[in-house]
Amino acid sequence: MKPTSVVLGLCLAGLLAACSNVPYAKRTSDRLAAYTAAAGAPVKSFRFFSPLYSWEPLSDTQLVVYTKPKEAYLLDLEACVNLQITNGIGLTSNLGQVEVRFDRVITGRPRIPCVISQIRPIDVPHLKAVQQAQRKIEEDPRPATSGAK
C-alpha cells in the first residue's frame, strides 16, 4: 500500500470520528448503562438451540447475545481476547443449555475460549425504551431574524 493512501485513510477516519456529536467513550458508556439497567437478576443458565440471532460486545468482559429478536442475555466473561474486534463468535452449550462457569464464548482467531462468569436476562422492551430516551434530541428554536425580505 502506498504511503499516501495510508495517510489519506487515516485522515478520513479522523474526519469521520470528528463528525460525531457524542464522543465514542460517552456512546459506549451509555450503551453499557442501558444494557445494565435492563438486565435482570443472575441466572444459572439459558436455553439455546439455534444459531445466535445477534450479538454485541460491550467491553472485553461483557457481551450481549440475542437468541431471538426479543430474547437477550448479558454475559459477564473473564477477560476475553479480541472480543471487541472479532467478526464472529461461537457459544458452547450442552444439550441446549448454556451454563455459568461451564460454557464459553469463542472469539475469532486465535480461538481462545472465554469463560462465562455470569448470565443475566435482558428485559428487551425496557432496553428499547431506554435506548429511545438516549436518542432524544434536544431542540432549540432558531432566533427570529430582524430583517425579513
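1. The largest nonpolar core has 16 residues, of which F46, L63, L75, L77, L91, V105 and I116 touch the most other members. Here a nonpolar core is a set of buried Ala, Val, Leu, Ile, Met, Phe, Trp, Tyr and Cys residues joined through side-chain atoms within 4.5 Å; buried means under 20% relative accessible area, exposed over 50%, and partly exposed in between, with a 1.4 Å probe and protein chains only. At least two residues of this core come from each of strand 3 (62-68), strand 4 (71-77) and strand 8 (113-122). Strands are DSSP runs (E, at least two residues), numbered from the N terminus.

2. The model is predicted: local features need pLDDT of at least 70 and side-chain atom pairs count only at pLDDT 80 or more, whereas totals for chains, interfaces and linings use all residues. Residues are numbered from 1 along each chain as its sequence is written, and side-chain values use heavy atoms, with hydrogens and water left out.

3. Not counting residues up to four places away in sequence, I116 touches L75, D76, L77, L91, V98, V100, R101, D103, R104 and V105; contact means heavy atoms within 4.5 Å. In soluble globular proteins, nonpolar side chains tend to be buried together.

4. Strand 4 is largely enclosed by the rest of the structure, because six of its seven residues are buried. Strand 4 runs antiparallel to strand 3, and six bridges join the two; strands pair if DSSP finds at least two bridges between them. A hairpin of two residues connects strand 3 to strand 4, and L63 stands opposite L75 in strand 4. Strand 4 is also joined to strand 8 by six bridges, again antiparallel, with L74 opposite R120 in strand 8.

5. One disulfide is found in a search of the whole structure, a disulfide being a pair of cysteine sulfur atoms within 2.5 Å. This disulfide joins C80 to C114, at 1.8 Å from S to S. The pair links distant parts of the chain, 34 residues apart: C80 is in the loop between strand 4 and strand 5 (90-91), and C114 is in strand 8. The link is right-handed, with 70° about the S-S bond. Both C80 and C114 are buried.

6. T86 also lies in the loop between strand 4 and strand 5. T86 is buried, with a relative accessible area of 15%. Apart from neighbours within four places in sequence, T86 is in contact with W55, T107 and G108.

Note on methods
Helices (H or I, at least four residues) and strands (E, at least two) are DSSP runs, numbered from the N terminus.
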